[in-house]
Structure formats: C-alpha cells, structure tokens
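Okay, thanks for coming, everyone.

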Amino acid sequence: MAEDKKTFYITTPIYYPSADLHIGHTYCTVMADAIARYKRAKGFDVRFQTGTDEHGQKIQQVAEKNGVTPIQYVDDVVGRIRKLWDTMEISYDDFVRTTEPRHMERVQAEFEYMEKKGDIYLGEYEGLYCTPCESFWTETQAVGGLCPDCGRPVEKVKEEAYFFRLSKYQDRVLELLEDPDFLYPEARRNEMINFVKQGLEDLCISRIDFDWGIPVPGNPKHVIYVWLDALSNYATTLGYPDKPNELSKYWPCDIHLVGKEIVRFHSIIWPAMLMSLDMPLPKHVLGHGWILLEGGKMSKSRGNVVDPVKLINRYGVDAVKYFLLREYAFGQDGLYTNEVMLNRLNYDLANDLGNLVSRTVAMIEKYDGGVVPAPAGVEGPDADLREMGMSTEERVDEYMNRFQFNNALEEIWKFIRRTNKYIDETSPWILAKDPELKGRLDTVMFNLAESIRIISVLIHPFIHNTSEKIREQLGIADQPVVWADTKRFDMMAGVQVHKGEPIFPRLDIEKEIKELEAITEEQKRQAMAKAAHDAGKPVAADKSNNEPEASEAGKPAITIDDFDKIDLRVGKILSCKKHPNADKLLISQVQIGGEVRQIISGVAASHTPEEMEGQSVVVVANLKPRKLRGETSHGMILFADNEGRHEFVTPHAPDGNVVK
Ligand code: MSP
C-alpha cells in the first residue's frame, strides 16, 4: 500500500517568472526529474515539487516596464513555464505559485509564529540591495558596489524594516553545515562554513519601498522579504502549519536541489527559519554548477541564451534531457556548445543506442520471423554479457546515490557498447549461413533481446520516451517497466518484435551547427532591438541597472513617418542633483535652445550629478511630461547602454539644434 512505502520529497528552486526560462533552469529541473523518476522506479512514494517565485521588486519593476500589472505579467510567463515542463514531461507532483492563497496565508502564519517567539523585531535597515538577486549585502560584501552573486550594481536602501534574529541560530547552523551529509558538494560546504564563521547578522525580512508581496500581518505597509516568502514554499504546500499530518508525511524534505548561487539561502537562512519554527531540517541540500556559454553566463537581455524549446522542437525531449544529464558533472560549471551537444546525440543516441536496437530487431525479423527464440546454452562471450547486464543496475545505483548522473549514464552506455561488441564478436550473419549453427544463432538473438530489454529499464528514469519506443520495437510495450527486471535474463523468449523508425536519426553536424547559429543570431538581433526599444521608455532608464529580463520579441520595423514623430534635440545640462525620493534617479536642468527643461534620468548608478553638469546630450524633446516619484520630467536624455552602464551620447553641436 502507498502508505507503507518509504517516502521521498525532492524540490527544485521556484523560478522567477521575470522572463522565459533557458537551458540553465531546464538543467536543474531535468536533474530533479531524473532523481524523482529514479526513486519512483526504486519503489519510493515520491513527491516532486517545483513552481514559481512571483513576488518582489524585480517582478514589480519588469511588469511596470511592460505596462501591465505584476499578476498579469507573471500569469503570462508562468503559463509558458508550465508549458515548458509539460512539453518536457517533467513528472512534478505539485507546482506552487507563491501568489496562491494556500501559500500566502501560511507564510503569514509562519511570520506570526516567529514573531511570537521573539525571533522577529522591527528596526531600520540601512545597507545595500541587489534587486535581480533580491538579496541584501553589506558594504564589505558588495565590493565596488557590485553584487557578489551576479556582479550587477547594488543600490542603497534605508528604510524601516522587520528583522529575523539569524544571529541567534549561528551556532546551530554551523553545526548543521559541519555534518558532511547535509550540503553537497564539499566545495560549497566549505564556502558556507566560512561564510557563517565570519558571523551572521540579523536578516532584514520586510520591504516598504514597493507593495508586490505578502503583507506583514498587522502591519501591511510592509511586505515580507521575497526570499522568506519563497523558501517557505517547500513546507506551505504540504500544509504547514495547519495540517501537521499531511506535512509530516513528506517533511523533512529529502533533497533541495538548487544552483550554486542560492545555496546560501538554502543551507543557512532556510535552516535557521526552520529552527525558529521548531521544524525538522531538510536532509540534503545539493548545489549544482552553472551551464555557461563561451561569453560567460547566459543573459536574456543580451540574447545569449540557449532556448530549450528550440532544441526540443528540433531534436526531441529525450535528446535534450540525455545531453544535460550526460554532459555535465554535478556540482561543477560546464560549457554549452552546439557541437558538444550534437556529438552526444550522434554518438551516444543515434550510433550506440539507436543502431543496437535497429540492428537487433532487423536480425530477429530476418532470422526468426520476428519472434525472439529461446536460448540454447551459454558459450563464448555470453556469460560476460549476461553478468554485465544484470550488474549494471548496482553501479548505476551507486552513482545515483552520489548524484553523478553522468557516471550513471556512462555505466549504462558501457553496457550498450558491450552489447554492440557482442554482435561483432558473435557475427550472427555468418551463423545464419549454416543451418547447423541455428541453435547458436538463437542464443545470440535471445541474449541481444534480453540485453536491450534491460537497457530499456535502466534508461527509463532518464529518457522514458526512448525507453518506451524501444519496448515497442521489442514487443513489450504493454508490460510494466519494473526496476527489479534489470536483474533477470529470462523474459524475452517467444516475444514478437516489431521493426520501427530509427529511435534517433543521425544528424549532419555541420548543417545543424549552421542552422543553430542562425537561430542564435536572430535571437541576438531581437534582444538588441528590444533593448533599444526599452531604452526609449522614460522609466526604462531607472530600471536598467537591474537588467530585468523581459521576454517578448524585439521592436517591429517602423517607417520614416514613425521616426519623424520624434523631436530629437541637442541639449546642454546646466545643473543636476539627486532625486530626493529615489536613489537611482538624477534631476537635470537642460537648456534646449531658448528653453530650460527639467528632465529625470535613471542613471545615478553610472554618473554623479557633477559628471552630468556641462554635458551636451541628445534629448527626446516632445515626450509628454510625467511625474517620477513626485518630480516632473519633461523629455528624456538618451544614453548608450554599455552592459548596464549609461554612456553619454555626445552631439558636437549647439543646444537647440535638431537631431535628424
Ligand atoms: N527564485 C529564486 C529561487 C527561490 S527558491 C526558494 C531564483 N530563481 S531563478 O529563476 O533566478 O533561478 C532558479 C535556478 O536556476 C537557480 O537554482 C539557478 O542556479 C538556476 N540557473 C539559472 N541559470 C543557470 C545556468 N546558466 N545554469 C544552471 N543553472 C542556472 O533564484
């Protein structure tokens, strides 16, 4: 009965729906899916949870920039994220959205519990904040004013805020991290131990600068810090705190699978929160590495991302899953190139696996009318093949217990290659010429069919569609995939096989590379067009430091008449000061011919007011006036976006001149 089964609970991070997900996010979910499917195959009652982290300043900003409400914005992106997971046949049991009442109400209950316990107090936060990462930093941590996690500029924040007594839990957190079984891999564990040893300060856990979040109970001008909100998802969906029985079925969680840059939140802050809540702690946190491109980290706004949907449409779900699991060593960063990916597909899937299946099924059809014969004894390489077939599972298990997917798959592929070699060693086409050797030929056909059956079970947690296609050709599609059957070598005699399409077509690598490159170029072009389009919006400049990653395609082509509607003028900045209510904004008085205009620009992260003064600039002069944080801005100064830094675009002409 299900109740008697051992349970296993695994989670992915909940993704920010600020933009469509790329191959890096897909990597994490595919690994979690493989673990979940593997554990199910091993008889566990698995709960696999994923979802979206929908609150916070970053989402609010990106929604504003797109001219929609935050919920409209996230509804749209979340729809596409769910579609991606459905296309990839990700076997999640629950998809949580942090905007759901079931989550929000429980986060408030959690806040109240911690507050009652004396672990939350009201104070004033003065420090730095990285909006893209939604994380607080001190001056010493954010060297050069840049976020230590993502390298983007941080901003100063000074506001009334609630704090969580993280410092109180420092010793217990350290003790937890010193358990070698809690956080994996080792390098991350040492990093976290050092971080905690430097001293944990109390954590700011509310914001008042924006309202897109869960209101603090009893003081709704504050919203709960998005990481406190997000981390709680792992327990709120199980019914914490009002449904203790449901909760205890799967809690404590077995594995939180997360990327390396958010290990700190999962191995320090989340356990401390749970300590405060008097809840059992998760058993393991696994920190995986990043998939990098030749130019570094993927960035949607620069158009250098690998879109999983494009790869899936071209090569299929299993090809993408196989590549991600096989290519990268868990815990380390790895480089993505089209060539590496295509070679994997050709060599491992089309050649090794695909050929083995089609050759074998074709031979059984040719020599035995499509019915797998019974074996007639054991000789030559048979024993070795059988032994390897029935023991591969143990080696796969060993690697899976250490989350080494690449090695687990390599063990399966060693057996696939061994089986291919068996065909060469036994040369069935020669045996088939001599009727006296029919018994030997039967044994060879039977051994091949058995080996492929075992392979179909072993690959099932990783690439289940391929497994099912193979089982169809083997004539066993209607039989359940039973993990224990990897230990048997007696199931195929008398089964009718059916030749089908090749399970993976061989690819013309050069041609594919060219086509993939063309897709990437188009993507970059669209991203640049979009960046140009965004820079044309007055609010965009405020936000561009945060590089909110919007998802829609680039700006459509315009006619000369459209362009003529814009009145571009040379302006001269006479004076400039900081905006009293917004750290990122500067207010300039700009001379444009006979007129002086007040124009607000979101460039304080790139320039001081002194640097602005005296500059000649290009101004969009006929932009309708608007209020930005209480101050009127009439016009817009143009800057060139140099990877987030606003560079001056300097005209060498007197102010008032038309730019055309
Ligand atoms: N919303 C937070 C997580 C909250 S969990 C309580 C968040 N979201 S995220 O969308 O920015 O990132 C989600 C995950 O995607 C992270 O684990 C991150 O490491 C992973 N990846 C994003 N880019 C990646 C690569 N290029 N490669 C591998 N994983 C990467 O952080």
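Let's start with strands. Strand S9 (residues 206-207) pairs with strand S11 (residues 219-224) in the antiparallel sense, over two bridges. Quick housekeeping before I go on: this is a predicted model, so local features need pLDDT of at least 70 and side-chain atom pairs count only at pLDDT 80 or more, while totals for chains, interfaces and linings use all residues. Residues are numbered from 1 along each chain as its sequence is written, and side-chain values use heavy atoms, with hydrogens and water left out.

When I say strand or helix, I mean DSSP runs numbered from the N terminus: helices are H or I with at least four residues, strands are E with at least two. Two strands pair if DSSP finds at least two bridges between them.

Back to S11. Arg207 stands opposite Val223 in S11. Strand S10 (residues 215-216) also pairs with S11, antiparallel, over two bridges, and there Val223 is the bridge partner of Pro215. S10 and S11 make a hairpin with two residues between them, and Gly218 in the turn has a positive phi of about 85°.

Further along, there's an open sheet of five strands, in the order S18-S17-S16-S19-S22, with antiparallel pairing. Which strands sit at the edges? Strand S18 (595-601) and strand S22 (636-637), each pairing on one side only. S22 is joined to strand S19 (residues 616-620) by two bridges, running antiparallel, and Val620 stands opposite Met636 in S22.

Most residues other than glycine have a negative phi, and most peptide bonds are trans. Here, the bond from Tyr240 to Pro241 is cis, with omega near 0°; Pro241 is in the loop between helix H8 (233-236) and helix H9 (244-250). Trp251 and Pro252 are joined by a cis bond too, omega about 5°, and Pro252 falls in the loop between H9 and strand S12 (255-259).

Asp278 is in the loop between helix H10 (263-276) and strand S13 (284-288). Ser427 is in the loop between helix H15 (405-426) and helix H16 (428-431). Are they buried or exposed? On relative accessible area, with a 1.4 Å probe and protein chains only, buried means under 20%, exposed over 50%, and partly exposed in between. Asp278, at 52%, is exposed, and Ser427, at 16%, counts as buried.

Next, some side chains. Ser91 lies in the loop between helix H3 (70-87) and strand S3 (94-97), and at 16% relative accessibility Ser91 counts as buried. Its side chain makes polar contacts with the side chains of Asp33, at 2.6 Å, and Arg40, at 2.8 Å. A polar contact is a pair of N or O atoms within 3.5 Å; within protein, one must be able to donate a hydrogen and the other to accept it, and residues adjacent in sequence count only if both atoms are side-chain atoms.

Asp75 lies in helix H3 and is partly exposed, at 39%. A polar contact of 2.7 Å joins the side chains of Asp75 and Arg97. Asp75 and Glu54 are 21 residues apart in sequence, and 9.3 Å apart C-alpha to C-alpha.
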